[in-house]
Amino acid sequence: MLFGNKILDYKDELLKDLDTLLKFESVDLEKPEECSKALKFILKRAEDFGLTGEQVTDKSSHVTLGSGGKLCGVLTHLDVVPSGENWSVNPFALTEKDNRLYGRGIADDKGAALITLYCLRALKDNNVSGANTLRAIYGTSEETGMEDMDGYFEKMPLPDLAFTPDSDYGIGFAEKGIIQLEISTIVNNATVLSQFHSGKAVNAVPDFAYAMLDSSNYDEQTLMRFADAGEGSFEFKYTIDGLMIISRGRAAHACEPQKGFNAATALIDLITNVYITSETGSICSFIDYAVNNETNGRSLGLKMSDSVSGPLTVNVGSVHIEGQTAKAAFDIRYPVTVNGDNIILQFKKVAENSDLRVNILNHEKPLYVEKNSDLIKLLSEAYENVTGNKAELYSTGGGTYARKLMGRGVAFGPAFKNDKINMHNADESVNKDNFFMHAQICLEAMYKMFTDK
């Protein structure tokens with residue numbers, strides 16, 4: 001019997017609630033009060049549905065159905081990355097056009113988060129008798145290091161089995177390790193470059209950057225010639241403070257930086273072709289020779305790959321230089337069979353050649369779950385019941401809550417390979433039919449977890 005299609009009874013109400021949820025500008029670190037509102041909204045709707053919810057920490061909550069048996073979890077997050085540039089619709093609202101649903105978080109991860117709540121409602125409304133305890137767990141700092149789940153699991157037990165709908169279909173049995181680093185100088189030692197700003201999230205490819213230069217007319221003509229010859233999209237403006245150069249790129253998730261175009265590294269490549277290190281400073285010099293426009297870590301001495309999870313990737317997520325401040329943040333995704341500590345040592349070795357300080361912002365170890373585990377069998381059955389197709393197993397460079405589950409959880413949905421969702425990019429959206437296909441798969445999987453003896 002297919003239970004998953006019962007979620008379709010709630011389509012209109014779910015979309016109405018989704019519009020409310022998307023309107024919270026829940027960018028962690030920038031607007032924590034909006035993250036709190038999103039958590040409270042979920043708990044209020046759970047109460048409306050007759051479900052039991054609890055705020056566990058200021059950054060996490062859960063809603064529980066049933067008691068006894070195994071503890072089964074579904075983990076989602078309510079925080080989002082900043083909206084960025086170049087949207088064709090309001091990023092913080094639900095827009096439906098051409099059978100697509102638009103809004104920041106519709107795919108990552110508010111859409112899936114709300115669906116888990118409605119799945120619990122469907123199970124309750126249909127009086128399903130559960131053999132286990134089913135818990136939807138919500139966090140609000142997934143995009144900024146997952147400290148929300150660290151705090152949550154200090155107070156609550158790990159699920160016996162779980163999944164997080166925060167990636168792709170089929171089933172993500174392996175996730176690369178994630179290292180996020182910041183480099184900085186003791187003082188800003190640039191003489192010509194007075195400002196450089198790009199990027200708000202280390203785990204996204206920046207689509208906008210600008211630099212302010214105290215430059216001569218000869219330098220400006222040289223810069224323009226290099227700009228015309230290069231790949232980037234540049235705009236030159238003359239201001240009272242000097243020459244401003246604006247660089248425009250294409251955003252992408254840091255787990256696949258090659259799919260974007262980094263506005264920051266393109267701009268650094270341009271100015272370092274014209275100025276020497278003492279004029280642009282150590283940060284720009286380091287990025288120019290150690291990264292440039294690469295995403296594979298070759299110049300850092302980090303190019304590597306394995307058969308399970310593929311190649312290492314490097315993303316320059318942000319660069320900020322002004323006054324005495326000069327710093328940049330990097331996101332490195334490394335193969336599951338590699339020791340991440342060796343990655344850090346090699347990065348530090350190269351950075352120290354430029355007299356740069358290195359600070360480790362975050363280090364998430366890789367995830368690997370056996371392909372023949374009971375969890376993967378259960379999720380595979382749910383996927384096949386709804387779609388009629390076999391679920392492929394894959395590895396990913398993305399970082400999900402699954403890596404917080406000590407091998408007891410995997411990534412499962414919600415994105416389909418045939419759907420260009422623009423994760424971490426402008427016009428994030430999902431095909432409406434795919435959205436509700438995921439809802440059916442999610443409910444089918446949660447039904448199986450709840451009733452499986």
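## Strands and pockets

Strands are DSSP runs (E) of at least two residues, numbered from the N terminus. The model described here is predicted. In its second largest pocket, β10, β17 (313–322), β18 (325–334) and β19 each supply at least two residues of the lining. β18 makes the largest contribution, 3 residues.

This second largest pocket has a volume of about 480 Å³. It is lined by 26 residues, of which Leu 29, Thr 144, Lys 200, Ala 201 and Val 202 are the closest to its centre. The lining comprises 10 nonpolar, 8 polar and 8 charged residues.

## The largest pocket

The largest pocket has a volume of about 1,100 Å³. Of its 49 lining residues, those closest to the centre are His 253, Cys 255, Glu 256, Lys 259 and Met 423. Elements giving two or more residues to this lining are β8 (167–168), β10 (177–184), β16 (310–311), β19 (357–364) and β21 (393–396), and β21 gives the most, with 3 residues.

By class, the lining of the largest pocket has 22 polar, 14 charged and 13 nonpolar residues.

## Cysteines

A search of the whole structure finds 0 disulfides. For Cys 72, the nearest cysteine sulfur belongs to Cys 442 and lies 13 Å away. Cys 72 is buried, with a relative accessible area of 1%. Cys 255 is also buried, at 14%.

## Helix α3

Helix α3 spans residues 110–125, 16 residues in total. The distance from its first C-alpha to its last is 23 Å, close to the expected 22 Å. Because 14 of its 16 residues are buried, α3 is largely enclosed by the rest of the structure. Asn 127, which follows α3, has a positive phi near 55°.

Conventions. Residues numbered from 1 in each chain as written. Predicted model: local features only at pLDDT ≥ 70, side-chain atom pairs only at ≥ 80, totals over all residues. Heavy atoms only, no water. Helix = DSSP H or I, 4+ residues; strand = E, 2+ residues; numbered from the N terminus. Expected span 1.5 Å × (residues − 1). Buried < 20%, exposed > 50% of the residue type's maximum accessible area, 1.4 Å probe, protein only. Disulfide = S-S within 2.5 Å. 1 Å grid on protein atoms, 1.4 Å probe; cavity = no way out; pocket = protein on both sides within 12 Å on 5 of 7 lines; lining within 4 Å. Points joined across faces, edges and corners; volume = space filled by probe spheres on them. Nonpolar A, V, L, I, M, F, W, Y, C, P; charged D, E, K, R; others polar.
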